[in-house]
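Subject: Structure handover

Hello,

Here is the structure for you to look over. My notes follow below it.

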Amino acid sequence: MRYLILTLLAAFFTTIGIAQPTSAISGTITNPTGDKVYLNMLKMVNGRNNLVTLDSSMLDENGKFILEARFESTTKVMFTDGNEVTELLLSPGDELTMSLNTKYFDETIQYYGRGAKKNNAIMTLYLVDEAFTSGMMTAMEEDPVDTSALFKAYENHSDKMATLIEDYIETIPD
């Protein structure tokens, strides 16, 4: 009996010692398109990516929500309002506050709190690249398309993105 109690106590304290801290995302959605938000991730099962819902939250009357999940290490996750999706990185213990307006979704997402710097950096890179790609598509609609000019524009954009990434690496080492 004593052995059983000691074994159970050891298992309990071991479990407490290795539990991952909770990562949380709370925030406010302006102009919500639905009444619920989700935190998802892709998980490989039998060689296939499966969408796994980590948490979901009903929006209150002010568009506020809270989502939580546990991670062993920094993990790529997806936040969705059921209509649009944005990707972000969550690390154990992150406590993000998020705001967004669904009329312009990506362009209005802002993060605050622990883990905000890396996610704001990711969002900035995404928006810069999206704006460039949109401009490239417009240029390709012209007839005739000057492919050498397009490649030169892409090269210039790549150089600017590399510089922006280097700046982020210096200012946000994690």
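The largest nonpolar core has 22 residues, and I25, F65, F79, L88, L90 and M98 touch the most other members. Such a core is a set of Ala, Val, Leu, Ile, Met, Phe, Trp, Tyr and Cys residues that are buried and joined through side-chain atoms within 4.5 Å. Buried means under 20% relative accessible area (1.4 Å probe, protein chains only). Elements giving this core two or more residues include strand 1 (22-30), strand 4 (64-70) and helix 2 (116-141). Helices (H or I, at least four residues) and strands (E, at least two) are DSSP runs, numbered from the N terminus.

This is a predicted model: local features need pLDDT of at least 70, side-chain atom pairs count only at pLDDT 80 or more, and totals for chains, interfaces and linings use all residues. Residues are numbered from 1 along each chain as its sequence is written, and side-chain values use heavy atoms, with hydrogens and water left out.

Beyond four places in sequence, L88 contacts I25, Y111 and N119, among others (heavy atoms within 4.5 Å).

Strands pair if DSSP finds at least two bridges between them. Strand 2 (residues 36-45) pairs with strand 3 over ten bridges. K36 sits opposite M58 of strand 3.

Strand 6 also gives the most to the lining of the largest pocket: five residues. L88 is in that lining, as are I122 and Y126.

Best wishes

Terms used:
Buried < 20%, exposed > 50% of the residue type's maximum accessible area, 1.4 Å probe, protein only. 1 Å grid on protein atoms, 1.4 Å probe; cavity = no way out; pocket = protein on both sides within 12 Å on 5 of 7 lines; lining within 4 Å.
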